[in-house]
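Work through the exercises below with the sequence and coordinates at hand. Each task is followed by a solution in steps.

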Amino acid sequence: MTLERFIDLLDAYGADLDLWPQSEQSAATALLAALPEAREAQRRAATADALLFNAALPMIEPSDALRQRVLAQVAMLPAASPASNWRGQVLEALALLFPTGRSLPQFAALALAVAIGISAGFANIGFADAQESDLVSVQIASATPLLSED
């Protein structure tokens, strides 16, 4: 790592090497051990970090003109009532799902996939019950001694 690269990383990530990318930390540590200029740059960066972290942020109040502009834009928004406009919301959701406008083939494919999933789920329920009952029958049959006539 060069001193210039080290200083660029100091500017980007600060003086604490633990906050640096893992791939850069070992090279930075080696550079700090080798160059006094790197240690001085890190010391200056630590001072700047301390000033930034401890500085009180000024209280910023928006101007009256900004408030009026924001309120005017909010007043121009259409009033939305979720209870009365549910059909519009459903149509908007469908438009997001089917952006090409040809929703019938896509909707049919979606409905078919849902129907196949539901029917496969119901089919597996019956299959699992049949397997369990067959297993129980085999266990009962193997536990019961065979009657043999002598």
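**Exercise 1: a salt bridge**

R44 forms a salt bridge with E40, with 3.7 Å between the closest N and O atoms. The model is predicted: local features need pLDDT of at least 70, side-chain atom pairs count only at pLDDT 80 or more, and totals for chains, interfaces and linings use all residues. Residues are numbered from 1 along each chain as its sequence is written, and side-chain values use heavy atoms, with hydrogens and water left out.

Task: state how R44 and E40 are separated in helix α3.

Solution. Apply the criterion: a side-chain nitrogen of Lys or Arg within 4 Å of a carboxyl oxygen of Asp or Glu. Then count along the helix (a DSSP run of H or I, at least four residues, numbered from the N terminus). R44 and E40 are 4 residues apart in α3, so about one helical turn separates them. The structure holds 5 salt bridges.

**Exercise 2: a helix pair**

Task: find how the axes of α1 and α3 cross, and which residues meet.

Solution. The axes of α1 (residues 3-13) and α3 (residues 36-54) come within 10 Å and cross at roughly 10°. Therefore α1 is roughly parallel to α3 (angles under 35 degrees count as such). Next, list contacts (heavy atoms within 4.5 Å): L3, F6, I7 and L10 of α1 meet E37, A38, A41, Q42 and A45 of α3.

Note on methods
Axes fitted to C-alpha atoms, helices over the stretch in contact; angles between N-to-C directions. Helix = DSSP H or I, 4+ residues; strand = E, 2+ residues; numbered from the N terminus. Parallel < 35°, antiparallel > 145°, perpendicular 65-115°, else oblique.
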